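Please read this briefing alongside the sequence and the 3D view.

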Amino acid sequence: MNIQKYWAFVKAAEFQSFTKAADALNYTQSGISRMISDLESEWGVSLFERGRTGISLTSDGLKLFPHIKRICKEQENIMMQVEDLHNIQTGNIRIGTFSSVATHWLPVMIKSFKKDYPNIDFELLLGDYTEIESWIVEGRVDFGFLRLPTNAEIETIYLEQDRLLVVIPEDHSLANCEKFPINELANNPFMLLEKGAKAEISELFEMHQISPQVQFTTWDDYAIMSMVENGLGISMLPELILQRIPYRIIAKELEVPAFRTIGIGMRDQKSLSLASKRFLEYLSCRKRV
């Protein structure tokens, strides 16, 4: 209610008339007069001289006028900013992601989103599954792409299953096999992709009681591909990262199908910014046409 009284004071001072102030603010003249009287009672000062020819600010009113006008202007700016947010004209979206999503999904999604909302900015944080979980819980990112299942504190949206494929050099002895025998994973030097504590490849080995000949470990998918291309061993990589690769390698489905489950994680979907909520509506754009 105070901000309405402040506006009544400012407009009455500008127009030097309660009636004109009432017209400008869509109030009755008596309503404006009552709000001014309320301010005078609350502050214990006289704000206006009332005469037959109209009203004018008192010396106390003159001192208070620039401060009250500044408050009204700030309130007006706040409301304009709120309106912009509802129209999604400004904002910043912070996303935690891993390399394959950052390479193959996010550029397409952001391009589509930017056509509709060109003034929204993006901040992408690249990390492994455990780092992204921490960023979500700590509020460092608005949401993140994750391997599911994940931390119980995190609200998730399922996206899809991503096949895990065996990657071999073009001249490998099993290059022409239809599906790669799972036991052969232990009979070749292995380049292990590890992305934090939640490593799906290591879990696969444990599940099938396989002891691979691990000769190189990294979190970089492209370093793995280069090693394989140069005949240093074989590996397993998610199908998503194997799209449009510049390496001379062959990807084979395992005879026992293996997958990772990709989803979106956030602390609470209801508390996401309007821009972030709208961006999630563009998830269907992640597939290249």
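This is a predicted model: local features need pLDDT of at least 70, side-chain atom pairs count only at pLDDT 80 or more; totals for chains, interfaces and linings use all residues.

Residues are numbered from 1 along each chain as its sequence is written, and side-chain values use heavy atoms, with hydrogens and water left out. Helices (H or I, at least four residues) and strands (E, at least two) are DSSP runs, numbered from the N terminus.

**Helix packing: terms**

- Axes are lines fitted to C-alpha atoms, for helices over the stretch in contact, and angles run from 0 to 180 degrees between N-to-C directions.
- Angles under 35 degrees count as roughly parallel, over 145 as roughly antiparallel, 65 to 115 as roughly perpendicular and the rest as oblique.
- Contact means heavy atoms within 4.5 Å.
- Ala, Val, Leu, Ile, Met, Phe, Trp, Tyr, Cys and Pro count as nonpolar, Asp, Glu, Lys and Arg as charged, and the others, Gly among them, as polar.

**Helices α1 and α2**

- The axes of α1 (residues 2-15) and α2 cross at roughly 125° and come within 8 Å, which makes α1 oblique to α2.
- On the α1 side the contact uses Trp7, Ala8, Lys11, Ala12 and Phe15, and on the α2 side Phe18, Lys20, Ala21, Ala24 and Leu25.
- By class, the residues of this α1 and α2 contact are eight nonpolar, no polar and two charged.

**Helices α2 and α3**

- Helix α2 (residues 18-25) and helix α3 (residues 29-43) have axes that come within 8 Å and cross at roughly 105°, so α2 and α3 are roughly perpendicular to each other.
- Phe18, Thr19, Ala21, Ala22 and Leu25 of α2 make this contact with Gln29, Ile32, Ser33 and Ile36 of α3.
- The contact of α2 with α3 has six nonpolar, three polar and no charged residues.

**Helices α1 and α3**

- The axes of α1 and α3 come within 9 Å and cross at roughly 110°, which makes α1 roughly perpendicular to α3.
- Asn2, Gln4, Lys5, Tyr6, Ala8 and Phe9 in α1 meet Ile32, Met35, Ile36, Asp38, Leu39, Glu42 and Trp43 in α3.
- The contact of α1 with α3 divides into eight nonpolar, two polar and three charged residues.

**Nonpolar cores**

- A nonpolar core is a set of buried Ala, Val, Leu, Ile, Met, Phe, Trp, Tyr and Cys residues joined through side-chain atoms within 4.5 Å.
- Buried means under 20% relative accessible area, exposed over 50%, and partly exposed in between (1.4 Å probe, protein chains only).
- The largest nonpolar core has 33 residues, of which Ile93, Leu106, Phe143, Phe145, Ile264 and Phe279 touch the most other members.
- Elements giving two or more residues to this core are β3 (91-97), α6 (106-116), β4 (120-126), α7 (129-138), β5 (143-148), β11 (259-266) and α10 (274-280).
- Another core, of 20 residues, lies apart from the largest one, and includes Ala8, Met35, Leu39 and Leu47.

**Buried positions**

- Thr97 lies in strand β3 and counts as buried because its relative accessibility is 1%.
- Beyond its neighbours within four places in sequence, Thr97 is in contact with Ala102, Leu106, Leu125, Leu126, Gly127, Ile132 and Phe145.
- Leu192 is in strand β7 and, at 8% relative accessibility, counts as buried.
- Leaving aside neighbours within four places in sequence, the contacts of Leu192 include Ile201, Ser202, Phe205 and Val214.
- In helix α8 (residues 200-207), the buried residues are Glu200, Ile201, Ser202, Leu204 and Phe205.
- These buried residues of α8 pack against α7, β5, β6 (155-169), β7 (189-193), β9 and β11.

**Loops and backbone**

- Asn26 lies in the loop between α2 and α3, is exposed with a relative accessible area of 72%, and has a positive phi of about 65° although it is not a glycine.
- Gln209 is in the loop between α8 and β8 (213-218) and is exposed, with a relative accessible area of 74%.
- The phi of Gln209 is also positive, near 55°, in a residue other than glycine.
- A cis peptide bond, with omega about 0°, joins Leu148 and Pro149, and Pro149 lies in the loop between β5 and β6.
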